[in-house]
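This briefing concerns the structure shown below.

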Amino acid sequence: AEGEVLLPLARRLLADWDDTEEMLRQRFTLQLGRVSVAAIPAFAGNLLPHSLKVFRQRYPKVNVTVHDVINEQVLELVRHRRVELGIGFEPDNCDGLDFHPLYLDRFVAVVPADSPLALQQQVAWTQLLAEDFIALQRPSAVRLLLEQNVAALHGKLAVAFESHQLSTIGRMVASGLGVSAVPALCINQMQELGARCVTLVEPAVERRI
């Protein structure tokens with residue numbers, strides 16, 4: 001009699017175990033699951049969508065959460081294990097992190113389409129800073145990198161306009177409010193907004209992504 005009482009319970013337990021085993025198998029083979037990625041806005045808005053499309057085609061049942069935040073927050077999210085990986089500029093301090101470079105990015109000048117600078121093969125910082133400069137607001141890593149690299153040769157970066165969004169900066173430049181400098185990964189975005197991008201020199205500002 002005790003065996004007859006136990007039998008349906010045992011069958012349910014075995015069925016539950018089979019379901020659990022199948023769920024784990026699907027997660028380990030990326031047939032199910034969730035992944036969280038943190039990325040600087042310049043990357044999240046320009047190069048990441050294509051990678052996500054390829055990932056989605058391979059693993060259609062894995063949900064992806066993207067945190068598009070400034071570089072410092074990318075590092076913090078990774079350090080506190082709130083995301084699986086982060087994409088941003090190479091940190092000065094890699095304590096607790098593994099940094100794997102994807103490529104070397106170089107900053108370019110962003111100028112209005114009707115500006116004489118748009119016709120040049122390259123633009124020197126001296127020429128760029130003669131115009132009203134539009135920059136991302138602090139503590140953006142893009143802003144800090146520009147300030148650090150320009151200070152030695154040209155002094156403090158004089159900023160006429162500031163914004164939190166790259167898209168706003170592109171539109172401001174396109175409308176003739178001034179000029180800017182952004183990572184090369186933003187070239188397509190800036191041109192779609194109506195601005196033009198030109199190689200920037202003296203100094204060339206580069207950082208590994």
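**Briefing on the predicted model**

Ser36 lies within strand E1, which covers residues 33–39. The structure is a predicted model. In that model the protein has eight helices and ten strands. Its radius of gyration is 24 Å, well over the 17 Å that the globule rule gives for 209 residues, so the protein is more spread out than a compact globule.

- Beyond its neighbours within four places in sequence, Ser36 makes contact with Thr65, His67, Arg82, Val83, Glu84 and Leu85.

**Pro41 in helix H2**

- Pro41 belongs to helix H2, which comprises residues 41–44.
- With a relative accessible area of 37%, Pro41 is partly exposed.
- When residues up to four places away in sequence are not counted, Pro41 touches Asp68, Val69, Ile70 and Leu166.
- Between Pro41 and Asp98 the C-alpha to C-alpha distance is 21 Å, and the two residues are 57 apart in sequence.

**Overall dimensions and packing**

- The C-alpha trace of the protein spans about 95 × 35 × 25 Å along its principal axes.
- Buried residues account for 36% of the 209 residues of the protein.
- Of the contacts between residues at least 6 apart in sequence, 74% join residues at least 24 apart.

**Surface and charge**

- The protein exposes about 12600 Å², and 52% of this area is supplied by carbon and sulfur atoms.
- There are 20 positive and 24 negative side chains in the protein.
- The centres of the positive and negative sets lie 3 Å apart.

**Cysteines**

- The disulfide count is zero, with a pair of cysteine sulfur atoms required to be within 2.5 Å.
- For Cys186, the closest cysteine sulfur is that of Cys197, at 8.2 Å, which is too far for a bond.
- Cys197 is likewise in no disulfide, its nearest cysteine sulfur being that of Cys186.
- Cys186 has a relative accessibility of 0% and counts as buried.
- Cys197 is buried as well, at a relative accessible area of 18%.

Methods:
Residues numbered from 1 in each chain as written. Predicted model: local features only at pLDDT ≥ 70, side-chain atom pairs only at ≥ 80, totals over all residues. Heavy atoms only, no water. Helix = DSSP H or I, 4+ residues; strand = E, 2+ residues; numbered from the N terminus. Rg over C-alpha atoms; globule rule 2.2 N^0.38 Å. Buried < 20%, exposed > 50% of the residue type's maximum accessible area, 1.4 Å probe, protein only. Contact = heavy atoms within 4.5 Å. Areas by Shrake-Rupley, 256 points an atom, 1.4 Å probe, with all protein chains shown as cover. Lys, Arg positive; Asp, Glu negative; His and termini not counted. Charge placed at Lys NZ, Arg CZ, Asp CG, Glu CD.
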